[in-house]
Amino acid sequence: MKRFLAWLFGALLLVPAFGVAAAEAPDALIRRISNEMLDKIKADKDLRTGDFAKLSALADSTVMPHVDFQRMTALAVGRNWRAATPEQQKRLMEEFRVLLLRTYSGALSAVKDQSIRMKPMRAAPEDAEVIVRSEVIQPGRDALQLDYRLRKVGDAWKIYDVNVLGVWLVETYRNQFAQEVSSKGIDGLIKSLSEKNQAPDQPNKS
Amino acid sequence: MSRGVRPFARLLAASCVTGALLLGGCATLPGSETSRSPKDPFEPYNRAMDRFNQALDDALVAPVARGYRAVLPAGMRAWVGNFFANLWDLPSAGHQLLQGKPERAFMGLFRFGVNTTLGFGGILDIATAAGIERHREDFGQTLGRWGIPPGPYLVLPLFGPSSVRDGVGLVLDFRNDLVSYIDSSETRLGLRALWIVDVRERLLDATGLVEGIALDRYLFVRDSYLQRRQSLVWDGEPPEDEDEDEDKEDDARNGK
């Protein structure tokens, strides 16, 4: 009887643990998405040669479901986000998304024999915000640091910032966005972003 | 001086002094920029120096780097890059020690030994192939590890993005690296010039990318540089900035 009670008690303790395990852990999520993206890029030459429509579709199906893009844009726009109308916020998110995809599409031509290595994650189980650290391993070259900030939204983890080589994306755009807004207003920022996005790529221009 | 003149260290020192003088001059002018960052009190001077560097790059450095890329096959350019990276591995090992990381110092020394001998003076990076990673360190990072903040952002002539701390670090590094021990000043200058061309060649594609994604190239480079250095000081895991986090939280809440 004692053993039975111990067993029952143990099982009860395990139930919440199973409940937690149901939501994918943040580092497991990043590992899965990274490998999925890398495999698809390796398998598709169009993605490496800058086919924007294809990259956009891949990002929408693979990454974007796990990104809190509204939070990402709001953080980059900073205090001015509150002053923007819902329509302006929507436009800002659209243009920012294209700008980021353009950023990455330029880097994909270098994808060849890379792989992802996850670094140990330091987080307490109750944390609602974590940093997941990883590295892109490239044979014969220095590893590239690639980190993510994630936040728990309901049951799922959502990415809201990316760090490449020690540089957080949101912080890098913060001052630029603030400068545009303070000199030309929110519509001015939207216009600048959209002009940037429509400019032809300048491959190898220095 | 036993090692003769060291034009590079002198150029750097001189440029810092010139910069300081220019700053004095600029400080009296009204700032034309909108959102002045506390990290960049010298923004007007920095932007001017940035334009100067840009012009110098357009006119001289980038064309030479493109020529270098056109003339030398990729394999040989890799040898040149490896050679300079290997030369830096020795001071890096010293910095690891100064930063209290004896294991990394030892591994760095081992790296340098392996590549210098088996890698034919460093042109082959055998150590990386064998899984011994390179951890590049410099005086700016050591000073940072010792608790010295970067201070104001500073654009150096020719070398570009830096900070007061990293600028001092650069001078100290150039006075003590292996190239500075070469007796012939022609060889020394030649190696420095080749190093600059090598670095610039590898940045040719990146500069095009920055043009494509930055709303303001100066701010983009500045804010990336300052973050990158802070990250390097802490080997990729800088302590979280609490104030800034709260700031962001505030903004995000307002956004919702």
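**View 1. How much of chain A is tucked away.** Of the 206 residues in chain A, 44% are buried, meaning under 20% relative accessible area, with exposed set at over 50% and partly exposed in between (1.4 Å probe, protein chains only). This is a predicted model, where local features need pLDDT of at least 70, side-chain atom pairs count only at pLDDT 80 or more, and totals for chains, interfaces and linings use all residues. Residues are numbered from 1 along each chain as its sequence is written, chains are lettered from A and ligands numbered from 1 in the order in which they are written, and side-chain values use heavy atoms, with hydrogens and water left out. Chain A has about 11000 Å² of accessible surface, 59% of it from carbon and sulfur atoms; the areas come from the Shrake-Rupley method with a 1.4 Å probe, and for residues only the protein chains shown count as cover.

View 2. Chain A carries seven helices and five strands, taken as DSSP runs numbered from the N terminus (helices are H or I with at least four residues, strands E with at least two). Their order from the N terminus is α-α-α-α-α-α-β-β-β-β-β-α. Mean pLDDT, the predictor's confidence in each residue from 0 to 100, is 88 for chain A, and 86% of the residues reach at least 70. Helix 1 (residues 2–22) of chain A has the lowest confidence, with a mean of 55, while helix 5 (residues 69–77) of chain A has the highest, at 97.

**View 3. The largest nonpolar core.** A nonpolar core here is a set of buried Ala, Val, Leu, Ile, Met, Phe, Trp, Tyr and Cys residues joined through side-chain atoms within 4.5 Å. The largest one has 53 residues, and those with the most contacts inside it include A:Met72, A:Leu92, A:Phe96 and A:Tyr173. Helix 7 (residues 169–198) of chain A supplies the largest share of this core, nine residues. Zoom in on A:Tyr173 and, neighbours within four places in sequence aside, you'll find A:Ala76, A:Phe96, A:Leu99, A:Leu100 and A:Thr103 in contact with it, plus B:Ile213 and B:Phe220 from chain B. Another core of 10 residues lies apart from the largest one, with B:Tyr45, B:Tyr153, B:Leu219 and B:Tyr225 among its members.

**View 4. A nonpolar patch on the surface.** A:Tyr104, A:Leu144, A:Val164 and A:Leu165 form this patch, with about 260 Å² of accessible area together. Patches take residues with over 30% relative accessible area and no salt bridge, joining like charges within 9 Å and nonpolar side chains (Val, Leu, Ile, Met, Phe, Trp, Tyr) within 5 Å. A:Val164 sits in strand 4 (residues 156–164) of chain A and is partly exposed, at 33% relative accessible area.

View 5. A salt bridge puts a side-chain nitrogen of Lys or Arg within 4 Å of a carboxyl oxygen of Asp or Glu, and the whole structure has 46 of them over all chains. Here A:Glu195 pairs with A:Lys191 at 3.2 Å, N to O. Both sit in helix 7 of chain A, four residues apart, or about one turn of the helix. A:Glu195 is partly exposed at 46%, whereas A:Lys191 is exposed at 52%.

**View 6. Salt bridges between helices of chain B.** B:Arg69 and B:Asp205 form a salt bridge, with their closest N and O atoms 3.5 Å apart. B:Arg69 is in helix 2 (residues 43–71) of chain B and B:Asp205 in helix 8 (residues 185–213) of chain B, so the pair ties together parts 136 residues apart in sequence. B:Arg111 and B:Asp89 meet at 3.1 Å, N to O. This pair joins helix 4 (residues 102–117) of chain B to helix 3 (residues 74–98) of chain B, so it ties together parts 22 residues apart in sequence. B:Arg111 is buried at 2%, and B:Asp89 is buried at 4%.

**View 7. B:Glu201 and its neighbours.** B:Glu201 lies in helix 8 of chain B and is buried, at 5% relative accessibility. Residues up to four places away in sequence aside, B:Glu201 touches B:Ala65, B:Tyr68, B:Arg69 and B:Arg77.

Technical notes
Contact = heavy atoms within 4.5 Å.
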